[in-house]
Amino acid sequence: MPRNAMNPPPSPPSGPPRPDDGQGSVVAERQASRVEPPRMYQVVMLNDDFTPMEFVVMVLQEFFHRDLETATHIMLKIHHEGRGVCGVYTKDVAATKVEMVLAAARRAGHPLQCIMEAT
């Protein structure tokens, strides 16, 4: 609808701006929020008498990005002590690594067990 004499455009406020007296204002206080780091979980492989040592080393290299020397060291720890920590991760990453190891072991026909434990 076109503007005419009956509906004049609004005029800007006259005079200097008034200081705000705080009426109707909301003041929010900033509170420092503490975000705790996520809980960590260690992925642990368990020893068995059937899974070849070479397969365990390959899994450590492929899924945990360990070099040959480190993977061999972890494999020997698993062999001699019955268990070995492959890595420490957040819950979702640890669960995914466990599933990947178990799936690879089943595909290869090995009974290798892998678990995750809260640190």
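**View 1. Helix 1 and helix 2 cross in a right-handed manner.** In this predicted model, where local features need pLDDT of at least 70 and side-chain atom pairs count only at pLDDT 80 or more, helix 1 (residues 53–64) packs against helix 2 (residues 68–81) at an angle of about 130 degrees, with the axes 9 Å apart. Helix 1 contributes Met53, Val56, Val57, Leu60 and Gln61 to the contact, and helix 2 contributes residues including Leu68, Ile74, Met75 and His79, contact meaning heavy atoms within 4.5 Å. Residues are numbered from 1 along each chain as its sequence is written, and side-chain values use heavy atoms, with hydrogens and water left out.

**View 2. Helix 1 also passes helix 3 in a right-handed crossing.** The axes of helix 1 and helix 3 (residues 91–108) come within 11 Å and cross at roughly 140 degrees, which makes helix 1 oblique to helix 3. On the side of helix 1 the contact is made by Phe55, Val59, Phe63 and Phe64, while helix 3 supplies Lys97, Met100, Val101, Ala104, Ala105 and Ala108.

**View 3. Phe64 and Tyr89 form a tilted aromatic pair.** The ring centres lie 6.3 Å apart, with 35 degrees between the planes (rings pair if their centres lie within 6.5 Å; planes under 30 degrees apart count as stacked, over 60 as edge-to-face and the rest as tilted). Because Phe64 lies in helix 1 and Tyr89 in strand 2 (residues 83–90), the pair ties together parts that are 25 residues apart in sequence. Both Phe64 and Tyr89 are buried, that is, under 20% relative accessible area with a 1.4 Å probe.

Methods
Axes fitted to C-alpha atoms, helices over the stretch in contact; angles between N-to-C directions. Helix = DSSP H or I, 4+ residues; strand = E, 2+ residues; numbered from the N terminus. Parallel < 35°, antiparallel > 145°, perpendicular 65-115°, else oblique. Left-handed = near helix turned anticlockwise from the far one by under 90°. Phe/Tyr/Trp six-rings, centres within 6.5 Å; stacked < 30°, edge-to-face > 60°. Buried < 20%, exposed > 50% of the residue type's maximum accessible area, 1.4 Å probe, protein only.
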